[in-house]
Amino acid sequence: MAAAGVGEDYRIAFGGRTQLQYAPDTARVFIAAARAATNGARVFHLGGPAATLAEVASAIEAAAPGVSITVDEATRLPFPEEFDGSALDAALGGVSWTPLQEGVRATVERLRAARA
């Protein structure tokens, strides 16, 4: 996204699926969790929707027309593709997530503005 923000092509060095969190969503969930009335010290996975890196690349290209983002699908990272956030969702009474395309667009725009 940073490369796209300056109009550069980029190669994502791994493929597969992953969870990406949009920073404002993460902040909102953190604050809600800190304010939630619970007993004891609970630990949660953040969770959220998973996307393929190809979907992420497409969203970046849509947010930055003229930029090419490629994905090395032959390389996979050695960690889980998804973390179960259902316990956090239940504790907070539901968690909403910014759609991938919207979060990528806003991130690319913010990175462009930071360079201006």
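Reader: Leaving aside neighbours within four places in sequence, with which residues is Asp72 in contact?

Author: This model is predicted, and Asp72 lies in its loop between strand S4 (69-71) and H4. Once neighbours within four places in sequence are set aside, the contacts of Asp72 are with Arg11, Ile12, Ala13, Phe14 and Gly15.

Reader: Is Asp72 buried or exposed?

Author: The relative accessibility of Asp72 is 17%. Buried means under 20%, so Asp72 counts as buried.

Reader: Which side chain is joined to that of Asp72 by a polar contact of 2.8 Å?

Author: Arg11 is one of the residues in contact with Asp72. The two side chains are also joined by a polar contact of 2.8 Å, and the partner of Asp72 is therefore Arg11.

Reader: How many helices and strands does the secondary structure of the protein come to?

Author: Along the sequence, the pattern reads α-β-β-α-β-α-β-α-α. The elements come to 5 helices and 4 strands.

Reader: What share of the 116 residues in the protein do buried residues make up?

Author: Along the principal axes, the C-alpha atoms fill a box of roughly 50 × 35 × 20 Å. Of contacts between residues at least 6 apart in sequence, 90% join residues at least 24 apart. Among the 116 residues, the buried share is 26%.

Reader: Is Thr18 buried or exposed?

Author: Thr18 belongs to strand S2 (residues 17-19). Beyond its neighbours within four places in sequence, Thr18 is in contact with Pro49, Ala50, Ala51, Leu53, Phe79 and Glu81. Its relative accessible area is 12% and the limit for burial is under 20%, so Thr18 is buried.

Reader: Against which helices do the buried residues of H5 pack?

Author: The buried residues of H5 are Gly103, Val104, Ala106 and Val108. They pack against helix H1 (2-5) and helix H3 (53-63).

Reader: How far apart in space are Glu102 and Ala63, C-alpha to C-alpha?

Author: Glu102 is a residue of helix H5 and is partly exposed, with a relative accessible area of 41%. In sequence, Glu102 and Ala63 are 39 residues apart. From C-alpha to C-alpha in space, the separation of Glu102 and Ala63 is 8.9 Å.

Reader: Which element gives the largest share of the lining of the largest pocket?

Author: The largest pocket has a volume of about 290 Å³. Of its 18 lining residues, the closest to the centre are Leu20, Tyr22, Thr98, Pro99 and Leu100. Helix H2 (23-35), strand S3 (50-52) and H5 are the elements that give two or more residues to this lining. The largest share, 4 residues, comes from H5.

Reader: How many residues of the lining of the largest pocket are nonpolar, polar and charged?

Author: Tyr, Leu and Pro are among the residues that count as nonpolar, and Leu20, Tyr22, Pro99 and Leu100 are among those closest to the centre of the largest pocket. The whole lining divides into 2 charged, 5 polar and 11 nonpolar.

Reader: Which element gives the largest share of the lining of the second largest pocket?

Author: The second largest pocket holds about 210 Å³ of space. It is lined by 14 residues, with Val29, Ala33, Arg42, Phe44 and Leu88 nearest its centre. H2 and H4 are the elements that give two or more residues to this lining. The largest share, 4 residues, comes from H2.

Reader: How many residues of the lining of the second largest pocket are charged?

Author: By class, this lining has 9 nonpolar and 4 polar residues. The number of charged residues in the lining is 1.

Reader: How far apart in space are Ser86 and Phe44, C-alpha to C-alpha?

Author: Ser86 is found in helix H4 (residues 86-92), and Phe44 is one of the residues nearest the centre of the second largest pocket. Ser86 and Phe44 are 42 residues apart in sequence. Their C-alpha atoms are apart in space by 8.8 Å.

Reader: Which side chain is joined to that of Ser86 by a polar contact?

Author: Ser86 is partly exposed, with a relative accessible area of 44%. Its side chain takes part in a polar contact of 2.8 Å, and the partner is Asp84.

How values were computed. Residues numbered from 1 in each chain as written. Predicted model: local features only at pLDDT ≥ 70, side-chain atom pairs only at ≥ 80, totals over all residues. Heavy atoms only, no water. Buried < 20%, exposed > 50% of the residue type's maximum accessible area, 1.4 Å probe, protein only. Contact = heavy atoms within 4.5 Å. Polar contact = N/O pair within 3.5 Å; in protein donor to acceptor, adjacent residues only side chain to side chain. 1 Å grid on protein atoms, 1.4 Å probe; cavity = no way out; pocket = protein on both sides within 12 Å on 5 of 7 lines; lining within 4 Å. Points joined across faces, edges and corners; volume = space filled by probe spheres on them.
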